[in-house]
Amino acid sequence: MSKQILILPGDGIGPEIMAEAVKVLNLANDKYTLGVELSFDDLGGAAIDRYGVPLADATLARAKAADAILLGAVGGPKWDAIDPAIRPERGLLKIRSQLGLFGNLRPAILYPQLADASSLKREIVAGLDILIVRELTGGIYFGSPRESKVLENGERMAYDTLPYSESEIRRIARVGFDMARVRGKKLCSVDKANVLASSQLWRAVVIEVAKDYPDVELSHMYVDNAAMQLVRAPKQFDVMVTDNMFGDILSDEASMLTGSIGMLPSASLDANNKGMYEPCHGSAPDIAGQGIANPLATILSVSMMLRYSFNEAAAADAIELAVSNVLDQGLRTGDIHSAGTTKVGTTAMGDAVVEALRSL
Ligand code: NAD
């Protein structure tokens with residue numbers, strides 16, 4: 001049975017990087033007989049221009065019917081002044097929540113060829129391979145009540161709510177343990193259980209779930225310490241699991257360990273491993289249309305899709321090896337370029353990955 005993939009290139013550099021990822025996906029499809037079928041639609045600003053809304057109902061229906069979704073990036077100055085209710089990013093939040101994509105996987109892998117592109121010393125980051133599992137549809141970003149108001153004395157005040165139910169914690173903890181089980185078998189759960197009631201429940205539930213995973217070594221860390229350890233000794237981590245806000249912050253911190261956000265893919269999964277895959281970066285309007293964006297994060301998102309949604313480990317491994325081989329050849333887009341390497345544009349980088357994959 002064929003696997004249906006919905007492609008949403010989005011805005012800014014989205015269509016440029018997606019064109020390269022599609023080339024790689026098409027070759028992998030032929031080479032590994034994946035049986036994937038691609039269809040295309042718009043999300044974000046492109047959807048506002050075409051449909052008047054950032055996520056059309058018909059697009060959402062197609063996303064629900066698809067087996068996986070590959071997204072470029074959304075947003076840009078063209079739509080900045082628009083009614084906040086239909087901003088491009090609204091389309092992204094809506095598709096995530098409507099599809100129940102609660103498990104966000106953000107690997108921070110440092111290719112050895114790029115060790116000098118990191119802002120940290122080579123010996124601290126060389127060989128880095130962390131996976132951050134972030135809860136994506138709960139916690140303080142979605143909690144109610146939330147309010148901004150003016151008190152009787154005229155002072156302004158605002159508050160948010162950080163709710164987590166036992167079932168929300170249990171399902172994301174399971175994702176963390178499952179990932180650790182197929183990697184280095186170490187899971188660090190990050191919370192603020194010394195202060196927050198929601199974190200105390202988080203920790204208690206994670207400890208309960210751990211009983212089903214005796215082969216995984218579980219540790220706990222307060223989020224402030226985790227932020228420090230990520231820059232002090234990041235290689236101590238294998239998989240980290242944490243809530244929505246802590247994961248938002250820590251995964252951005254971890255991404256910078258690897259030098260460029262242009263290298264980092266991500267996956268957002270539902271309870272059945274149906275997922276939406278996208279680069280961690282945005283639509284980079286400052287370089288859009290110039291043909292210089294790094295397509296590797298999107299190409300690596302294809303590899304994550306094949307691995308996690310379709311269980312095609314051989315094809316996923318091959319794409320990652322092809323990327324590594326291209327880096328070995330010394331080819332670099334501007335964001336990862338350094339002395340002694342060859343600067344190439346988006347298309348040349350995509351073509352090089354295609355050739356490297358073909359020759360494996
Ligand atoms: P950004 O990630 O788009 O860009 C940050 C910097 O990184 C820029 O200098 C950009 O040129 C560079 N960069 C990003 N991706 C690159 C790539 N593949 N190759 C080379 N350089 C790259 O973040 P921003 O500038 O804060 O946001 C721009 C727009 O993207 C905004 O409208 C924002 O809302 C949107 N955004 C979308 C997503 C998403 O779609 N998931 C995520 C973040 C931001």
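Before starting, one term: a helix axis is a line fitted to C-alpha atoms over the stretch in contact, and angles between axes run from 0 to 180 degrees between N-to-C directions. Also keep in mind that this is a predicted model.

**Exercise 1. Work out how H11 and H12 are arranged: what is their angle, and how far apart are their axes?**

Step 1: Find helix H11 at residues 313-328 and helix H12 at residues 346-358.
Step 2: Read off the geometry: the two pack at an angle of about 120°, and their axes are 8 Å apart.
Step 3: Sort the angle. Angles of 65 to 115 degrees count as roughly perpendicular and those over 145 as roughly antiparallel, so H11 and H12 end up oblique to each other.

**Exercise 2. Describe the ligand's surroundings: how many residues surround it?**

Step 1: Count the shell: 19 residues surround the ligand, and Glu 89, Gly 282, Ala 284, Asp 286 and Asn 294 are the closest.
Step 2: Sort the shell by class, and you get eight nonpolar, seven polar and four charged residues.
Step 3: A backbone N or O atom of Gly 282 is 2.7 Å from one, and a polar backbone atom of Ser 283 is 3.1 Å from one. With Asp 286, a side-chain N or O atom sits 2.8 Å from a ligand oxygen.
Step 4: Check the cover: of the 810 Å² of accessible area that the ligand has on its own, the protein covers 67%.

**Exercise 3. Spot two backbone details: which peptide bond is cis, and what is phi of Lys 185?**

Step 1: Go to the loop between strand S5 (129-135) and strand S6 (147-150), where Pro 145 lies. The bond from Ser 144 to Pro 145 is the cis one, with omega near 5°.
Step 2: Move on to the loop between helix H6 (166-181) and strand S8 (186-191), which holds Lys 185. Phi of Lys 185 is near 60°, a positive value in a residue other than glycine.

Key
Residues are numbered from 1 along each chain as its sequence is written. This is a predicted model: local features need pLDDT of at least 70, side-chain atom pairs count only at pLDDT 80 or more; totals for chains, interfaces and linings use all residues. Side-chain values use heavy atoms; hydrogens and water are left out. A residue is near a molecule or strand if one of its heavy atoms lies within 4 Å of it. A polar contact is a pair of N or O atoms within 3.5 Å; within protein, one must be able to donate a hydrogen and the other to accept it, and residues adjacent in sequence count only if both atoms are side-chain atoms. Accessible areas come from the Shrake-Rupley method with a 1.4 Å probe; for residues, only the protein chains shown count as cover. Ala, Val, Leu, Ile, Met, Phe, Trp, Tyr, Cys and Pro count as nonpolar, Asp, Glu, Lys and Arg as charged, and the others, Gly among them, as polar. Helices (H or I, at least four residues) and strands (E, at least two) are DSSP runs, numbered from the N terminus. Angles under 35 degrees count as roughly parallel, over 145 as roughly antiparallel, 65 to 115 as roughly perpendicular and the rest as oblique.
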